[in-house]
Amino acid sequence: MFALNEQQVDFILEDIRRNGIESEELQLSLLDHICCVIEEEISPEMNFEDLYRSILPRFFKKELREIQEETDLLITFKNYYAMKKVMLNIGVFSAFVFIIGAIFKLMHWPGAGIMLVLPIAIISFVFLPLLFLIKSKEIKKKREKFTLGTGVVFGIILSMSGLFKVMHWPGAGALWVSALAMLFLVFLPFHFFGGIRNPETKTNTIISSILILMTGGLFFTLTDLSSTRQKIEELTIQTDSHLLVATNYLHQGNQNDYAEIVDSTQVIKNLELQAKCDTLCTKIENLKLGLMKALPAQPSEMTEEEFVDQYGYDIRSTMSFLFTDKEEDPKPSLVAIKAGINDLNSFLSLNYVSEVGDLLNTEDRSNPGSSSDIKVSWEVANFHRVPLQLTMRILNQLILEIKIIESSNL
Amino acid sequence: MYSKELVKGTLKTIILKLLSDSDKMYGYEITQKVKELTGGKIQLTEGALYPTLHAMEAQGILTTDVVNVGNRIRKYYTVTSEGEKIARDKVNEFSDFMDTMIFLLDLKPKMG
């Protein structure tokens with residue numbers, strides 16, 4: 001039997017490669033097959049190349065590439081079904097866990113955090129990318145692929161912003177606004193103008209565009225455009241000025257009360273009470289003065305992000321101004337104040353009958369922010385991971401409570 | 001020769017049945033065997049044969065054996081045990097299908 005020489009085999013291999021057979025496996029299969037056919041049909045008087053050219057068209061309808069495409073399609077088709085199955089299952093799973101997590105969050109049960117973070121992360125980084133891969137296989141037009149891509153990115157940013165918001169991580173607002181911007185400025189125009197050209201999809205496109213516009217608009221009205229810093233500053237200034245007015249009022253009243261009492265034993269006790277309270281208040285005022293030096297000179301020149309990063313105006317910021325750098329121990333000044341409060345409390349319980357306010361109770365307590373029963377110290381409960389502005393306010397409140405104690409015992 | 005549409009639906013069945021009846025076969029051999037067995041009535045097109053063979057290999061229904069033949073490489077296909085089960089199922093299904101078609105198209109030779 002006739003056998004093709006090496007040169008001829010190489011010629012065929014090179015030719016099928018050139019004609020779009022990319023995978024090596026397929027190249028070798030086809031090469032062997034073509035060689036078999038040629039060896040079967042060739043006769044001594046025939047020209048090898050002519051025969052090859054006449055045989056090749058049996059393999060396809062239009063071009064040889066079809067075999068490669070068909071192979072790719074068949075191989076990915078199976079993956080396609082597996083991917084679709086995985087996508088649907090994890091989608092249902094995530095949605096289910098998310099709903100449970102949301103219920104836990106509403107009820108303040110432990111474990112809500114992980115049940116919200118996990119499904120959102122899965123939706124964003126597994127479900128939506130898979131959706132893109134699967135859907136983009138189904139569509140041919142580049143423009144539609146782009147629309148799909150922006151839609152998927154919009155979904156990822158939107159769910160991320162939800163996650164950031166729920167977990168109180170910084171940047172949720174920026175993500176939210178960029179998701180909306182993407183929806184209105186990129187996705188919607190592409191979706192609308194892409195779909196409206198095709199008579200078949202025209203009506204559906206108009207309806208879905210209106211729905212998207214309405215939903216997006218609703219979301220937009222939920223967006224509070226005034227800055228967080230502004231609101232917190234206003235609130236803080238208001239509350240602080242109320243506190244100061246009350247403190248001053250009580251202070252004046254107390255001074256008058258001290259002056260009015262003439263009973264000698266009472267006067268001596270009162271003098272000691274006044275001294276203790278004044279020392280404590282001075283200590284707190286000094287601490288406040290030290291903290292105020294950390295305040296920015298001209299906050300308006302900074303962006304909100306810079307401001308929050310640096311000074312912790314954000315209610316959720318995790319700074320502890322009255323703790324050492326590693327946030328493990330309270331600063332000596334705070335310890336001194338606690339000692340002063342304890343001293344005042346024991347003096348009060350010996351000489352006066354009095355209920356002390358919440359801030360003046362220096363016993364360990366269970367942390368209101370955590371679900372566990374572990375007790376935390378007075379310092380941690382009031383000043384650990386508390387932003388500057390709130391720290392200041394708690395100190396003001398403390399002074400007020402001292403004045404109240406003084407006043408109620410006179 | 002039957003139309004491509006008719007052959008296409010049964011291609012997998014034909015390949016699996018042939019392979020499970022023999023030790024191992026290569027692509028060209030399969031086409032020749034089918035041609036010979038059917039007297040040329042069924043001719044597998046290469047454009048359909050190889051994509052199917054490669055897909056079945058990727059799915060683990062077939063395993064391959066590579067042998068050097070002169071200046072080139074020849075790939076021999078063998079059915080796995082899973083493939084043999086699929087072959088049996090497919091043949092049974094097709095046999096059932098034929099019965100149904102005979103009934104449906106009223107092809108049953110008249111009694112008596």
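Author: Helix axes here are lines fitted to C-alpha atoms over the stretch in contact, and angles run from 0 to 180 degrees between N-to-C directions. This is a predicted model: local features need pLDDT of at least 70, side-chain atom pairs count only at pLDDT 80 or more, and totals for chains, interfaces and linings use all residues. Residues are numbered from 1 along each chain as its sequence is written, while chains are lettered from A and ligands numbered from 1 in the order in which they are written.

Reader: What makes helix 1 of chain B oblique to helix 4 of chain B?

Author: The axes of helix 1 (residues 4–21) and helix 4 (residues 81–104) of chain B come within 9 Å and cross at roughly 125°. Under 35 degrees is roughly parallel, over 145 roughly antiparallel, 65 to 115 roughly perpendicular, and the rest oblique. The angle falls in the rest, so helix 1 of chain B is oblique to helix 4 of chain B. Their crossing is left-handed (the near helix is turned anticlockwise from the far one by less than a right angle; clockwise would be right-handed).

Reader: Which residues of helix 1 of chain B make the contact?

Author: B:Thr10, B:Lys12, B:Thr13, B:Leu16, B:Lys17 and B:Ser20 do, and among their partners on helix 4 of chain B are B:Ile86, B:Val91 and B:Phe94. Contact means C-beta atoms, placed from the backbone, within 7 Å. Ala, Val, Leu, Ile, Met, Phe, Trp, Tyr, Cys and Pro count as nonpolar; Asp, Glu, Lys and Arg as charged; the others, Gly among them, as polar.

Reader: How do you know how many helices and strands chain B has?

Author: Helices are DSSP runs of H or I of at least four residues, strands are E runs of at least two, and both are numbered from the N terminus. On that count chain B has four helices and three strands, in the order α-β-α-α-β-β-α.

Reader: Why is A:Leu74 called partly exposed?

Author: A:Leu74 has 19 other C-beta atoms within 10 Å. Buried takes 20 or more, exposed 12 or fewer, and partly exposed lies in between. So A:Leu74 is partly exposed. This residue is in helix 4 (residues 65–107) of chain A. Beyond neighbours within four places in sequence, A:Leu74 touches B:Pro51, B:Thr52 and B:Ala55.

Reader: How many residues does the contact take from chain A and from chain B?

Author: It takes 25 from chain A and 18 from chain B. On the side of chain A, helix 2 gives the largest share, ten residues. That side divides into 14 nonpolar, four polar and seven charged residues.

Technical notes. Contact = placed C-beta atoms within 7 Å.
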